[in-house]
Amino acid sequence: SGAITLDPGYKNTGSCESAITFLDGEEGILRYRGYSIEELAEKADFLEVAYLLIFGELPNEAQLQKFNTDILDQSIVNEDMKTVLKGFPETAHPMGVLSSLTSALTAFNPKSVNVDSEEDMYKAIVKILAKFPVLAAWTLRKKNNQAFYNKDTNLGYVESLLKMMFQQDANKTYKLNKTVVNALDKLLILHADHEQNCSTSTVRIVGSSHAGLFASISAGVSALWGPLHGGANQAVIEMLEEIKADGGDTSKFIAKAKDKDDPFRLMGFGHRVYKNFDPRAKIIKKAADEVLGQLGVDDPILEIAKGLEKAALEDQYFIDRKLYPNVDFYSGIIYRAMGIPTEMFTVMFAVGRLPGWIAQWREMRLRKEPIGRPRQVYIGETHRKFKSLENR
Ligand code: CMC
């Protein structure tokens with residue numbers, strides 16, 4: 001059918017109207033509900049930003065308190081979920097485990113599957129916001145073969161996540177480090193939404209069949225896992241490690257990235273929309289210096305990253321293609337300084353992106369958007385006659 005416009009990768013196709021996130025790729029502007037990312041990262045905390053993204057306004061004190069209490073009320077994860085988790089091998093990648101556990105939540109919360117009223121939507125939203133960080137922490141505990149703890153309801157959203165990840169035993173209180181809490185809060189805010197990226201589009205399209213919030217989020221986690229998307233934060237550190245092991249010479253890796261016969265790409269570089277700079281990367285680069293300084297961590301990989309960035313930005317290949325460091329380039333260095341293992345980096349991204357996925361799913365449902373169903377241009381065989389097995 002001639003009327004169909006082909007646009008592989010949807011580079012120029014708008015899939016929806018949205019009032020959540022504004023992004024100007026030429027100017028390097030990112031705003032959530034009209035508030036600049038720089039200001040939110042500096043002045044708001046993650047739960048406020050989650051509320052803002054999902055409901056459209058910054059919460060007042062009473063609204064924030066209610067939101068927090070509603071989330072805390074739902075923070076217990078069914079004991080049988082631990083049985084599901086125990087069935088995985090320790091070598092399982094945390095993102096595969098997180099996606100599976102998120103999907104398994106539907107089995108333990110059957111009422112959260114059909115969410116046609118706004119009230120039922122709200123219930124499903126606070127449930128997933130409450131349980132997702134518990135599941136995220138448990139993916140790390142699984143890797144480390146440690147006991148699974150529930151949320152400490154006396155702590156804030158980010159603090160309790162850290163405690164569930166790193167608490168040593170049932171009695172020991174985990175000593176929170178203010179620098180680590182603040183840095184993680186900032187990183188989560190910077191990752192909280194990014195309009196119609198791959199995982200968010202996935203959440204919207206799965207949700208458009210009315211599959212339910214948890215199933216849609218589980219699909220979003222799978223989409224985020226890939227190294228071209230959220231998985232880049234893990235891939236960046238692995239690349240920097242490789243450069244270090246190779247003696248620290250970045251030029252070899254720049255040459256590899258430019259070589260069209262080599263599938264290697266400079267991880268943490270380039271973006272579909274940002275063509276001048278990624279405002280998140282700017283904030284994170286600055287934060288990396290501050291956080292490592294405050295924690296007294298001297299990571300040789302930070303210097304390698306800076307050297308690699310400088311070399312790439314001076315190289316005609318990267319200049320011509322407008323390739324700049326993206327959000328994932330420096331984030332792993334901060335996660336590492338916090339003691340978070342490399343395989344967990346994309347899980348941290350998922351915890352940050354959760355409010356964005358929820359906000360986009362809610363907007364899609366409230367606007368009663370139709371089922372997502374792209375068309376195609378068929379290029380296969382025309383009509384053929386069936387050949388019986390003995391004649392093939
Ligand atoms: N290293 C080397 N060359 C690159 C890179 C890179 N990182 N990124 C893009 N290019 C080249 C690409 O080969 C192409 O060259 P040519 O025009 O000669 O064929 C040109 O730049 C345009 O790239 P594209 O692949 O058409 O751009 P895209 O919008 O489809 O892809 C991207 C965007 C982010 C997937 C890509 O830049 C990439 O693979 N980057 C590395 C992975 C990464 O860091 N991903 C994280 C993205 S930001 C956060 C997130 O989404 O989670």
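**View 1. Helix α6 is mostly covered, with 20 of its 26 residues buried.** Buried means under 20% relative accessible area, exposed over 50%, and partly exposed in between (1.4 Å probe, protein chains only). Helices here are DSSP runs of H or I with at least four residues, strands are runs of E with at least two, and both are numbered from the N terminus. The model is predicted: local features need pLDDT of at least 70, side-chain atom pairs count only at pLDDT 80 or more, and totals for chains, interfaces and linings use all residues. Residues are numbered from 1 along each chain as its sequence is written, and side-chain values use heavy atoms, without hydrogens or water.

View 2. A kink of about 25 degrees sits at K131, shortly before the proline P133. The bend at a residue is the angle between axes fitted to the seven residues ending there and the seven starting there. Just after α6, N145 has a positive phi of about 55 degrees.

**View 3. N114 lies in the loop between α5 (94-108) and α6.** N114 is exposed, at 55% relative accessible area. Its C-alpha atom is separated by 39 Å from that of F329, 215 residues apart along the chain.

**View 4. The structure holds zero disulfides.** C16 is in none; the nearest cysteine sulfur, that of C198, is 14 Å away. A disulfide here is a pair of cysteine sulfur atoms within 2.5 Å. The C198 sulfur is therefore too far from its closest partner, in C16, for a bond. C16 is partly exposed, at 23% relative accessible area. C198 is also partly exposed, at 46%.

**View 5. Y10 and K368 have positive phi values.** Phi of Y10 is near 50 degrees, in a residue other than glycine. Y10 is found in the segment before β1 (21-24). At 54% relative accessibility, Y10 counts as exposed. Phi of K368 is near 50 degrees too. K368 lies in the segment after α17. K368 is exposed, with a relative accessible area of 72%.

**View 6. I379 lies in the segment after α17 (345-366).** At 80% relative accessibility, I379 counts as exposed.
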